[in-house]
Amino acid sequence: MNRWRSLHQIALLWGSSIIAAGLAFLTQLVLARHLDPATYGIFGSSLALITMLSQFSGFGLQGFWLKAFGQEGWTAQRWVSGSLHFVVLSTAITLLVFAAWAQFGPNDDTTRITLLLMAPSIAGLAAIELTISKLQLEERYIFISLWQISPQAARLILISLAFLFVSSAHRLAWIAIIYTIVAVGLIAVTIKQIIEMGAPGFDLRGHGPRSATPAYLPPTSSTTATPTIGTVAREAWPFGLDVILYLAYLQISNVLLKYLDGNEAAGLYYAAFNIMNAIYLLPIVLYTKFLLSKQHRWARNDKPRLLSSLKLGSAAMLAIGVVAMLFIWLVAPYLVPLLFGHKYANASSLLDILAVCVPLRFLSTSVGSVLSTGDHMRHRVKLKTICAIVCIVLNVALIPHYGTTGAAVVTVITELTLLLLFTVSVLRRYDQLFTDTSPQAAEAHS
């Protein structure tokens with residue numbers, strides 16, 4: 001029964017994520033068809049920068065909550081008050097830094113105005129992830145589905161209406177305003193969700209009825225004290241840095257292409273990037289929105305099950321990734337012009353190169369997921385730091401000479417580097433990850 005329930009939940013998340021991704025992709029198609037590549041490049045690079053910086057708003061809270069509640073159960077409600085203050089402080093600092101870059105960085109007038117108008121989207125994107133984390137803890141997958149779809153649907157409807165009534169000269173500004181309008185709504189809902197996490201109505205799943213502490217976590221001063229903002233920051237930062245580094249090597253090419261090779265190059269690459277982003281949806285949904293909260297519990301209480309999930313997941317991800325890569329190679333020459341228009345036809349060759357990333361990304365998502373559990377997160381961050389440095393250095397070296405092709409090749413190299421680092425690390429930490437050293441396990445084997 002539990003297996004069928006899990007399959008139903010996965011199907012629900014995938015289905016809603018596909019709908020949300022489809023709406024997001026349709027939004028990008030509408031934008032690309034109504035904007036020239038240079039203007040689309042300004043929007044794409046601005047959104048990429050905002051997406052990266054949004055992770056500084058909350059800076060890893062969404063991942064830390066899954067770990068804290070997975071280990072402490074109901075006792076982890078003690079983190080909520082500090083978390084709320086941490087979100088406010090980190091968001092304010094991020095917005096100030098972003099506004100300074102927009103105003104004083106190497107931006108033309110159009111880019112500067114676009115960045116400033118879209119600034120609230122930093123908090124809006126963070127709000128989406130924070131609410132999803134809270135809903136995961138409650139296993140309210142229907143609400144996760146609705147939460148994923150709603151902002152994408154709102155943006156698509158409002159942008160489509162804007163193109164009907166707004167002149168071409170003002171379209172980019174109105175797109176930025178629409179993103180901000182949606183962001184404000186997301187922020188309002190998320191504040192309410194965070195406050196609810198510390199209230200009696202919070203419905204934490206997987207830890208039995210509300211109690212002081214889980215049976216395997218005896219109450220101590222460290223598990224009953226109310227954490228300060230500083231304590232929250234110390235615990236959350238590895239999760240925040242992990243996502244930022246992931247986005248750095250995922251999105252940095254979009255940003256660097258704008259500043260090193262021009263707006264049109266950024267627009268062409270962003271078209272291919274959007275197709276890849278839609279394909280990456282499958283492992284993202286499975287691991288971050290379904291399995292991750294469970295893996296934290298298994299790492300604590302059921303290590304054999306954690307190992308089984310790694311083996312089965314890796315085999316499935318590799319097989320699906322290879323099939324997806326072959327499919328992209330088959331349809332790439334026709335897909336980009338069909339979806340984005342012939343003015344983006346040169347993005348087809350970029351898609352051919354980026355297709356190699358699919359099996360690499362799918363497999364590394366599975367292998368690397370176990371490094372998010374227990375005390376392995378800081379090591380995972382170190383590995384991603386290496387990849388981010390590789391990505392940035394190679395992009396700066398190759399983009400001025402090889403443009404978008406250089407950026408695509410760098411992305412492949414970065415994905416391969418990450419997979420190798422994750423694989424070696426899991427093999428070296430095999431006993432720590434998958435061997436149960438608890439007293440109960442020792443008694444069972446004696």
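Select Phe-340 first. This residue is buried, with a relative accessible area of 0%. Keep in mind that the model is predicted.

Is Tyr-344 buried or exposed? Tyr-344 is buried, at 0% relative accessibility.

Show the side chains and look at the rings as a group.

Step back to the whole structure. How many aromatic pairs does a search of the whole structure find? The search finds 13. Two of them are worth a stop.

Select Phe-56 and Phe-59. Their rings are stacked, 5.4 Å centre to centre, with 5 degrees between the planes. Click each partner in turn. Phe-56 is partly exposed, at 34% relative accessibility. Phe-59 counts as buried, at 17%, because the cut-off for buried is under 20%.

Last, look for charges over rings. Select Lys-258 and Tyr-259. The charged end of Lys-258 sits over the ring of Tyr-259, 5.2 Å from the ring centre.

Then go to Arg-361 and Tyr-280. Which face does Arg-361 lie over? Arg-361 lies over the face of Tyr-280, at 4.0 Å from the ring centre. The tour ends here.

Note on methods: Residues are numbered from 1 along each chain as its sequence is written. This is a predicted model: local features need pLDDT of at least 70, side-chain atom pairs count only at pLDDT 80 or more; totals for chains, interfaces and linings use all residues. Side-chain values use heavy atoms; hydrogens and water are left out. Rings of Phe, Tyr and Trp (its six-membered ring) pair if their centres lie within 6.5 Å; planes under 30 degrees apart count as stacked, over 60 as edge-to-face and the rest as tilted. Buried means under 20% relative accessible area, exposed over 50%, partly exposed in between (1.4 Å probe, protein chains only). A charge sits over a ring if NZ of Lys or CZ of Arg is within 6 Å of the ring centre and within 35 degrees of the ring normal.
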